[in-house]
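Trainee: I'd like to learn how to read charged side chains in a model. Can we walk through one together?

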Amino acid sequence: MKSFKVTPVAVLAMLGVAGLAQAQDDNEARTIDELLQFVEQGSATDRAAEEARLQRFRQGQNEQQQMLQDANAQRTAEEQRSEQLETTFEENELLIADVQSQLDARLGSLRELFGVLQQVAGDARAQF
């Protein structure tokens, strides 16, 4: 259904025509009254449509604001998680270095023992 917008000047002109028409013929006066009623209904329909658009806009704005707050909260949570993971990584690096030094110390003793055993085995072979 098409809606028509009528300016105040046009309404005044229609009212003036309505006065002339009423003087001429009662049948035309009803038509102009109907036209005025149609214009008033169109104006009410336009106001309702505008209000509906504003309501949708406000609702969309509220939804976007909520999405922004959710995204900010998620970013904050992920930053905290990142900091925790970095701390854990650094602790693990220190632990690995400590364990590696312990391993090297134990292997050093075993290598020395293995070297002594090879030497003893070589000496024993020479004597037999």
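Mentor: Start with exposure: buried means under 20% relative accessible area, exposed over 50%, and partly exposed in between (1.4 Å probe, protein chains only). This is a predicted model, so local features need pLDDT of at least 70 and side-chain atom pairs count only at pLDDT 80 or more, while totals for chains, interfaces and linings use all residues. Residues are numbered from 1 along each chain as its sequence is written, and side-chain values use heavy atoms, with hydrogens and water left out.

Trainee: Is Arg81 buried, partly exposed or exposed?

Mentor: Arg81 counts as partly exposed because its relative accessibility is 48%.

Trainee: What does Arg81 form with Glu78?

Mentor: Side chains of opposite charge can pair when their charged atoms come close. The term is salt bridge: a side-chain nitrogen of Lys or Arg within 4 Å of a carboxyl oxygen of Asp or Glu. Arg81 forms one with Glu78, with 3.8 Å between the closest N and O atoms. Glu78 is partly exposed too, at 40%.

Trainee: How many salt bridges does the structure hold?

Mentor: Four. Among them is Arg53 with Glu50, at 2.6 Å from N to O. Another joins the side chains of Arg58 and Glu51, at 4.0 Å.

Trainee: Where do Arg53 and Glu50 lie?

Mentor: Both are in helix α2, three residues apart, or about one turn. Helices here are DSSP runs (H or I, at least four residues), numbered from the N terminus.

Trainee: And is Glu83 buried or exposed?

Mentor: Glu83 counts as exposed, since its relative accessibility is 52%. Glu83 also lies in helix α2, which covers residues 26–127.

Terms used: Helices (H or I, at least four residues) and strands (E, at least two) are DSSP runs, numbered from the N terminus.
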